[in-house]
Amino acid sequence: MKIGAHYLGDGVCKFTVWGPHLESVALEVVSPYQRLLPMHKLGGYWQVTARDIQPGTLYLYLLNNRESRPDPASNFQPIDVNSASQVINHSFGWTDKNWSGVPLDTMIMYELHVGTFTPEGTFAAIIPRLSDLRELGINAIEIMPVEQFPGERNWGYDGVYPFAVQNSYGGPNQLKQLVDACHQQGIAVILDVVYNHFGPEGNYTSRFAPYFTETYRTPWGSAMNFDDAYSYDVRQFFIQNALYWLGEFHIDALRLDAIHAIYDLGAKHFLAELAENVAVLSQQQGRKLYLIAESDLNDPRIIRPPELGGYGIDAQWSDDFHHSLYSLLTGDRTGYYADFGKCEHLAKAYKDSFVYDWKYSYYRQRYHGNHAGDRSPSQFIVAIQNHDQIGNRVLGERLSQLVDFEGLKLAAGVVLLSPYIPLLFMGEEYGEESPFIYFVSHSDPDLIKAVREGRKQEFFAFHSQGEPPDPESPDTFNNCKLNWEKRQSGKHQVLLSFYKKLIQIRTQNPALLKRERESLKISCHEDQKLITWFKYSQENQIFCAINFNNCDITFSQEFTDNNWVKILDSAETKWLGKGSQLPKKTKLYQELTLSKQSFALYEKQFIK
């Protein structure tokens, strides 16, 4: 069943909604003029094909002759989450006919939040900035969730209509304009989707059908019903949603939020079924469409192919990489950072993707994770900043507020020179200093109070830093908007140039383009807080030395010959460093002095 309102042209629209236990359902046309059309039951679904329905028509479903509710598969909520749904004509003048996509292993990802990325906070306002992102070297933007949420301000994870494009962002047509413009610039679009829960306000799905199960509990309450009675139709609801974004909106990849909260003990996991369906659509479209999981499980089964017993998801985030790097830079050992903080952790993350691959976690007080050495590094996404890691702090401080300029350059180098797929968070590239704090705009007074109290309780242990900003306040939201003009001057411009240089090296250097784990040889010197690594290709070799110490360090390094040339040094004055003490060329055996909180890159080219 193709759920939702599907406009067929000539004033004809087909409405389908799932409601296996409902006694009656009627289509309630709200405008331009009111009428009530009974729907007939087909299996567990209710359906009617109506005439004199034009795009823009507002409608509700009348359930059991008692309550009128919006469509769970609404394509647009023009007013809010509690009001009527709207019929949409999805025809659009696409100009990306020759678009073939961006290969996953070549992506430089850039996560952005539509509402705070520009002063206007719309899809259309992003388009003029695409050329700047392309000049930086970005070839994939990852958009935080855009499914309809309550009010005008939200991270997007409180969405309640997975098929409806947020009205305050510009609606479905503007999103298509953005995707089309991205493809014209050679930029892929990744959309963050939430299949593990619905938001608390405007969530009427349980009035229609058993979308939830009490078998499991999530941080947001009852779990989505992926393996209990009637779960087949719930699975189809979300599979249709994925295909909707990828097909109707030409999205290139989906980032699946917190898949560890998708509970499914069936023989075929929902993620495996989802991957199968996306693979079919990829084949039909003649270009590869990707699924990327956010997971707290450290489980490589998620990204293994089905023939090896995996789910067939293309890639997943590696939080261990972030935690290792962040704790080294900041010295933070609170919460889950208690499991990290040594150079050996980052070296292992570089080498094996997961630090905890069935190792004992003192934070979790159990063994955690599994070995991922059989998976390509190009199946892992790494970052030093993202919406969660910034926004889950009391005051939402970015790394630019926590470490000095040398630390920012060091973090950039570690991420962008890694063998994994790098993800930047909007503004990171020029050292944006505005916070990114949790914000909402609910309308229910009791819910607003609960959210405020919840934030206070969450950060009770951090009372010394003050109370968290009020998530309901417009000021909290406005303070999170980017100061885009900063990238044009001073240290911000220097950092932006540094990011450009790193991305250029990453995308052009043969050794860095080689993704195989065997091509990387890494060493860790814990007493000096030093990590060194070599990376090999048939054309060249790369040597990198990274100093996390707060003082200069001198170490001995053996090279294969005298033909190693320095290609980047974060301590050089051109990058606002104190000045490098490293030679431009190395000898066979060399004593190297590396400035505090810096890294340097040497290259040896083979003579053909």
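Modeller: The side chains of Glu-406 and Lys-409 meet in a salt bridge, at 3.1 Å from N to O; a salt bridge here is a side-chain nitrogen of Lys or Arg within 4 Å of a carboxyl oxygen of Asp or Glu. This is a predicted model, in which local features need pLDDT of at least 70 and side-chain atom pairs count only at pLDDT 80 or more, while totals for chains, interfaces and linings use all residues. Residues are numbered from 1 along each chain as its sequence is written, and side-chain values use heavy atoms, with hydrogens and water left out.

Glu-406 and Lys-409 are 3 residues apart in helix H11, so about one helical turn separates them. Helices (H or I, at least four residues) and strands (E, at least two) are DSSP runs, numbered from the N terminus. An α-helix has 3.6 residues a turn, so residues three or four places apart point the same way. Glu-406 is buried at 15% relative accessibility, and Lys-409 is buried at 0%. Buried means under 20% relative accessible area, exposed over 50%, and partly exposed in between (1.4 Å probe, protein chains only).

The rest of H11 fits that picture. Of its 12 residues, 12 are buried, so the helix is largely enclosed by the rest of the structure. Among them are Phe-405, Leu-408, Leu-410, Val-414, Val-415 and Leu-416. The end C-alpha atoms of H11 are 17 Å apart, which agrees with the 16 Å that its 12 residues should span at 1.5 Å a residue; the expected span is 1.5 Å times one less than the number of residues.

H11 (405-416) is also one of the elements against which the buried residues of helix H14 pack. Contact means heavy atoms within 4.5 Å. H14 covers residues 490-508, and its 19 residues reach 27 Å from first C-alpha to last, close to the 27 Å expected. Its buried residues include His-492, Leu-495, Phe-498, Tyr-499, Leu-502 and Arg-506. Besides H11, they pack against helix H3 (130-136), strand S23 (421-425), helix H15 (510-513), strand S28 (565-569) and strand S30 (598-605).

Now the other charged pairs. The structure holds 32 salt bridges. Side chains of opposite charge can pair when their charged atoms come close. Lys-566 and Asp-569 form a salt bridge at 3.1 Å, N to O, and both Lys-566 and Asp-569 are buried. Salt bridges that share partners also join Lys-348, Lys-351, Asp-352, Asp-357 and Lys-359 into one network.

Asp-314 and Lys-288 make a further salt bridge, again 3.1 Å from N to O. This pair links distant parts of the chain, 26 residues apart: Asp-314 is in the loop between strand S18 (290-293) and strand S19 (315-317), and Lys-288 is in the loop between helix H7 (270-285) and S18. Asp-314 is buried at 15% relative accessible area, whereas Lys-288 is partly exposed at 40%.

On the surface, Trp-358, Tyr-360, Tyr-362 and Tyr-367 form a nonpolar patch with about 530 Å² of accessible area together. Patches are made of residues with over 30% relative accessible area and no salt bridge, with like charges joined within 9 Å and nonpolar side chains (Val, Leu, Ile, Met, Phe, Trp, Tyr) within 5 Å. Accessible areas come from the Shrake-Rupley method with a 1.4 Å probe, and for residues only the protein chains shown count as cover. Tyr-367 lies in strand S21 (residues 366-368) and is partly exposed at 44% relative accessibility.

As for the cysteines, a search of the whole structure finds 0 disulfides, a disulfide being a pair of cysteine sulfur atoms within 2.5 Å. The sulfur of Cys-343 has its closest cysteine sulfur in Cys-524, 5.0 Å away, too far for a bond. Cys-343 is buried at 0% relative accessible area, and Cys-13 is buried at 0% as well.

The backbone comes last. Most residues other than glycine have a negative phi, and most peptide bonds are trans. The peptide bond from Ser-31 to Pro-32 is cis, with omega near 15°, and Pro-32 lies in the loop between strand S3 (25-31) and strand S4 (35-38). Asn-65, not a glycine, has a positive phi of about 60°; Asn-65 is exposed at 62% relative accessible area. Ala-258 has a positive phi of about 40°, and is buried at 5% relative accessibility.
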